[in-house]
Amino acid sequence: MNKILRVNMSKLKAKVSDAPEKYKHMGGRWLTDYIVCDEVDPLCNPIGPNNKVVFAPGIVTGTSAPSSGRLSVGGKSPLTGGIKEANAGTPFSQKLARLGYKAVVVEGQSKEKKYWLLKIDKDGAKFHPADEWVGKGLYEVFPLLFKKYGKDVGISAIGTAGERLLSSAGVCFNDIDNRPSRYAGRGGLGAVLGSKGLKFIVVDDKGAKGVDIVDHDAFKKGTAKLTEALTTHDITKPGGALNKYGTAVLVNIMNEAGGYPTRNFREGRFEGAAATSGEAILDICNERGGVGKTGHSCHPGCIIQCSNVYPRPDGTEHVSCLEYESDWAFGANCGIDDLDTIAELIWLSNDYGIDTIEAGGTIAVAMEAGLADFGDGPKAIELMEEIGKGTPLGHVLGSGAATTGEVFGVVRVPGVKGQNMPAYAPRAVKGIGVVYATSTMGADHTSGYTIAPEILGVGGEVDPLDADKAALARGFQEATAFIDATGYCLFIAFAVLDIPEGWEGTVESCNGVLGTDWTTDDIARIGREILDKELAFNKAAGFTKVHDRLPEFMKYEKLPPHNMVFDVPDEELDKVHGG
Ligand code: SF4
């Protein structure tokens, strides 16, 4: 896996070259960061001709390593104005890696207002017109594309939200069953692809020679150690919490902890939590029968299988997947306690090609503004449909929660650096608040999942209400940046934080692929290098320490039931990245 495919949308040319020596050991977020920092002006307009979108499979992606089919998508974010890495689990990534590509770099802009499909296979890459699919929902388009190109290809797409350059637009990928459902969702990179005129990438790995493994013995030993950790830890093992209930197993746990943001972060407990929990999803799958199931996965080779297929009352498919963040974004955060309504809102997001976290946060801010009442599911669906129709109101809503808050004069906008917060209340769980504040990505739980020790007792136990969290937030951000380079799913962290051999196996499997001699001591070093690169880009884009702060209302408004404000001092926040 040592090739780079450079896709010039201005000239409609695609060129394959060997990766420069300095990128040799990089993958995933590590590589997208380096290419973005090396090639993108931090001051460029994110939807102008000088931004780029970089796709990079992780280091072990495309091999038999468990739960490793992740893909990083990077660029300058239209939502935050800073560097962005959004991450998805999809067969697309595995196929790209097996064709030998370390990265695909999309640059320039289509001169006419036209859209293109790029087909990548073992013989190279070719452009095809894509205008016939413009303006259509992704649930209509994906089956047509698979019919045309074969069921074994991988597909990356933007929906109508990306065509309209909305800054909540994500980059969509097929899941294991070829649904348009796996998203590198955050930060608006779908709009950047829309600005370039690249609507689809189709990857066919037929005849691919696969990923080169330098040291098979190290790879085998490493993956065995990691597999052992994943199959024994209570959270990740088959039949364990994630496999049985899906990620929404967290709903009751976060609600019990008083850290489940409700009605646009007004409260930390939701009276409808049980009805929208992972346990309720499993019950509905069992009661309705048909296609509903938990234990589904986003790509082949995942041991954890945390995903699901949510059924309609007649047992036919409504949406896949209904996971914790999306469930919360359209559920508790909007005061909606009906899973069928939540499923429909997620389906609409997938169809339009929009990030569910940002969309749910936006609907909640719109409710705050009085456009709908909290808990009004039908009205929430109407607001989402405005985005789908591309009305002026839809353009505002599709531009994210911060823009919606500004347009409608809302003070309570729970975002950082323009990106809305995910499903953990920072006033009740201070460590995740420190991560939200200091992440290079804007408010992002996947930048450093301190919920593990603060709530779940994984990787130690830490008091969630304690404000002394700089070291915790730094350590988690570094470890996460490393995992995002490997291609492993972040959820391996649950197991490897408790089982040291799992961490060793993670590193050793990378050594096997690359021929390196890293130890677990290199995790923090590589993670730090990745974060420092991102910080440098953001600094050059105009970010300073004052951007590493939570919204003001969280400092004076107490969050029930703990009745706490966010009281982490600014000096503590500034310590995270050493400043
Ligand atoms: S644990 Fe879940 S999100 Fe991660 S790779 Fe497996 S199915 Fe995908």
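Two strands pair if DSSP finds at least two bridges between them. Helices (H or I, at least four residues) and strands (E, at least two) are DSSP runs, numbered from the N terminus.

Before starting, I noted that this is a predicted model, where local features need pLDDT of at least 70, side-chain atom pairs count only at pLDDT 80 or more, and totals for chains, interfaces and linings use all residues. Residues are numbered from 1 along each chain as its sequence is written, and side-chain values use heavy atoms, leaving out hydrogens and water.

**Entry 1, the sheet.** I looked up β13 and strand β14 (residues 307-311), and they pair in the antiparallel sense over three bridges. H296 stands opposite S307 in β14. I then followed the open sheet of three strands, which runs β13-β14-β15 with antiparallel pairing. Its edge strands, β13 (293-296) and β15 (317-319), each pair on one side only.

I checked helix α11 (residues 339-352) against helix α13 (residues 377-389): they pack at about 5 degrees, axes 10 Å apart. Axes are lines fitted to C-alpha atoms, for helices over the stretch in contact (heavy atoms within 4.5 Å), and angles run from 0 to 180 degrees between N-to-C directions. α11 and α13 are therefore roughly parallel to each other (under 35 degrees). Among the α11 residues that meet α13 are L345 and L348.

Leaving aside its neighbours within four places in sequence, I found W518 in contact with H25, W30, I59, F482, V507, C510, N511, R525 and I526.

Conventions
Parallel < 35°, antiparallel > 145°, perpendicular 65-115°, else oblique.
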